[in-house]
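Here are my notes on the structure you asked me to look over. Have it open while you read.

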Amino acid sequence: MARNGLLIQYDWCTGCHACEVACKQEHNYSEGMCGIKVYELVSSSPEKVYVDFVPALTRFCDLCAERTKTAGEEPACVKHCQATCIAYGNLTELGKAMEKQPRSSLFAPK
Amino acid sequence: MAKGKENPVISTLWSAGCGSHGGCGCEIYVKDGKVTRIEGDKNHPFNQGRLCAKGLAVSQYMYHPDRVLYPLKRVGERGEGKWQQISWDEAYDTIEKKFKDIRAKHGAESVIFCQGTGRDIGGPITFLMYAYGSPNWVQVGLAGHACYTPRLGAMFATHGNYCVADCSQFLEKRYDSPEWTPPKYIIIWAQNPAAGCHDGFYGHWIIDCMKRGSKLITIDPRATWFSTRSELHLQNRPGTDGIIALAMLNVIINEGIYDKAFVEKWCYGFDELKERVQEYTPEKAEEISWVPADLIRQAARLYANNKPSAIQWGEPVDAMPAGSVVAQAITQLWSITGNIDNPGGNVIAINSHGVTTYPFSSAELTDLYGADLVKKLNEKRIGANDYPMIKNFRGWVQPDVLMEQMETGKPYPVKGAWIQTSNIIGGQAADPRRHYEAMKKLDFIVCVDIFQTPTTMALADIFLPVCSICEKESFRSWWQPLGVSVKAIPNIGESKSDWEINLEMAKRLATTPVKFNTVRELIDDRLSAGNTNFDKLKAKGGWEYPPVGHRTRPYYRYEKGLLRKDGKPGFETPTGKVELYSKKYEEWGLDPLPYYEEPKESPTATPEMAEKYPLILTTGRRSPVFFHSEHRMIPWLRELDPFPVAEINDKTAASLGIGDGDWVYVENTHGKIKMKAKVTPSSHPKVVSVPHGWWLPETDGRAPNFFSTWDHNVNNLTSMGNQGKSGFGGTNYRSGLCRVQKISGEKE
Ligand code: SF4
Ligand code: SF4
Ligand code: SF4
């Protein structure tokens, strides 16, 4: 069976944490539990300091199985990502999309 | 049942819950009378399906075990934390009697009506205040009224209206609207838009525009996500934004790259402005602001040569010395480049359909309550006689003058306070201890809120429990669109909405009968200005934009005669033009042209102080998961931002022996607070950046601890009484001095 995953264009991720709370709400996860976690990466060249954010999926991501079994429902983090930088779908399709976009990561949690 | 099959209640968020200044459309899912989750509404043009972290956590806010659900009266001393549950009747009767007594003995002006920010609070609080007969509407302790009012005042004085960066938010088809075009450049001036929905502006619209080609210029003392993605980053010394604006004007004017046709036809006082900015060369600005002159030149050129371009500015502008002057200079940038009310520029913002939910200006107050009443009450409004700009723009008290009046009782004593959704001591007030000392002497204080806070614990005699957004009906017209909040479930406990409480109190306290029986009647009366009502809006999905051709819809309204009361083309100013030389400022005894003023505490202004306190302290760094002093008790949110964190540059920290995660004292002449150090190169070596509004709801709320507010609220390091000549701006919220010291032996 074709596997699904999330493609995250992390260059757009502002570190707003909406995806994390969306995930917690969806699953009613308690403290410490969440399907997605956003990290701040600060790096610098001699000229400039860069602030980036990178979301990563944890072992608690179930790709919103409950939601996505209803046609048309996206995972909670995909819907609420304020930068609209998370896409859900078939890994092959997402892989194709990934070839065209810089600074992205593809997650296949399940 | 699959989740998609449930039928959510469609509503508009305007807090209480997410603390919003925005108006996200939301879906409220209800099961057995209980809200199970809240999601964004895809059909709503404001947020297009998204919600921020705070919005997504609203159910935890509603069902929090610490939420106050019944009216309380204080039974011990103030601060002792001894409360007794009472009925609404007893609460209302007590307040009615006390407020009537104060009015009879001292005059209605002796009761101040205090609000925080956000929510739909501006409507109900003014309604009650005017019914009672007091002119004293205030955000207590907000030194120099440093939150949006200085910017609004400057825009009102120079254009007769307010402007915001145009991200298509005034059009229902949003980014697909044929008449809209993305800004070529967006200058992000002193703001982290990603942290929320500041001043009716959903921050992530900037990202939407970037995806459609907008480029960025960032003016910020910190390196941020936005500066990382900007063509230029002007990393300035906090408090010097004024001279950057003046130097940019200098470049644009002297290089002749302004919009000559627009200036010729629609601006007044260009020659005077040109003369004024001559002294503010980029080189001079470099000396003062730390920003290389060349960068200022490049920023000015990119902005002026790429039309349309927009400026999105933040609250630090208001807190500058002479906040209304810095704001004036920034408005002149969009004015002389013709980036006003054009697609992709700074568009004129008028409340949707002309409906007033929260009266921003004196004109709106006059429309709602009548010129006679507003004029009569203004005579006693605190600070109005000291500052003509305060008198003539907005119905607010000047908070620094109030502080002194509470202490001296002159010209008249303050005896009572109605504090609604406002955390004075743990949040907005500069020098909160001084406020605590003064306010605890008042005869009678009512607090209307959801949770106990440092303020309610320290001051309340009666606590009235207010309900969340999902438990009430309300309406919103802050810019666009016009929307309604729909009640999804019965009120939890005995809580009531701010509108319900204030309507009931107004009926009891009014000197002339209140014409509304129910909140719904009142809402429908206000909505009638837009030829609609609550039910109609609800049936339409909760929101509506004004029709094409309406004066509250862009663009180029100054050409069409849609901005002036007399229907003539032009702007609603004395000259009918954008006044670069402000006639209103002149009339108010202020310099009609912008100038630079140094922060009151700085290495230049107070070199001796700077020797002892060598770092620059800037406060108010926004967290995307909290709204001001709210939300520290919400588990989903607190987990993401658990500690009050001071950002310190890595090299600076190393020289002070401070490591990442160490607890430190941030200290200056006003006091000291404890923060956890975040050691990062994204902070400027000479700047320490600290968030505001920190208290620990999990600690003892009783005196003297008050939820640890004295330990962690950075406003303990700020002071009152520094207001600018207009009455606006000036305090050290954004540009104070400090030193940082490791607290030995403390971890976690
Ligand atoms: S797909 Fe669902 S489970 Fe996975 S991170 Fe997103 S919200 Fe959480
Ligand atoms: S919601 Fe989107 S932008 Fe916000 S932190 Fe998550 S991935 Fe990043
Ligand atoms: S963006 Fe503003 S209105 Fe929307 S959910 Fe967040 S706080 Fe509320």
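Predicted model: local features only at pLDDT ≥ 70, side-chain atom pairs only at ≥ 80, totals over all residues.

1. Which residues are around ligand 3? They are L13(B), C18(B), S20(B), G22(B), G23(B), C24(B), L51(B), C52(B), G55(B), C197(B) and Y202(B). By type, this shell splits into seven nonpolar and four polar residues, with no charged ones.

2. Chain B has an open sheet of four strands, ordered β11-β10-β9-β13, with parallel pairing. The edges are taken by β11 (232-234) and β13 (309-313) of chain B; each has a single partner strand, so one side of each is left without a neighbour in the sheet. On average, neighbouring strands are turned by 15° against each other, ignoring direction.

3. Looking at one pair in that sheet, strand β9 (residues 185-189) of chain B runs parallel to β13(B) and is joined to it by five bridges. Within this pairing, I187(B) sits opposite I311(B) of β13(B). Helix α8 (residues 241-254) of chain B packs on the sheet, where it touches β9, β10 (215-219) and β11 of chain B. The direction of α8 makes about 150° with that of β9(B).

4. Is A327(B) buried or exposed? A327(B), which belongs to helix α14 (residues 323-336) of chain B, is buried because its relative accessible area is 0%, and the cut-off for buried is under 20%. Leaving aside neighbours within four places in sequence, A327(B) contacts P150(B), R151(B), A154(B), W313(B) and V317(B). A327(B) and G153(B) lie 174 residues apart in sequence, yet their C-alpha atoms are 8.7 Å apart in space.

Methods
Residues numbered from 1 in each chain as written. Chains lettered and ligands numbered in written order. Heavy atoms only, no water. Near = heavy atom within 4 Å. Nonpolar A, V, L, I, M, F, W, Y, C, P; charged D, E, K, R; others polar. Pairing = 2+ DSSP bridges. Helix = DSSP H or I, 4+ residues; strand = E, 2+ residues; numbered from the N terminus. Axes fitted to C-alpha atoms, helices over the stretch in contact; angles between N-to-C directions. Contact = heavy atoms within 4.5 Å. Buried < 20%, exposed > 50% of the residue type's maximum accessible area, 1.4 Å probe, protein only.
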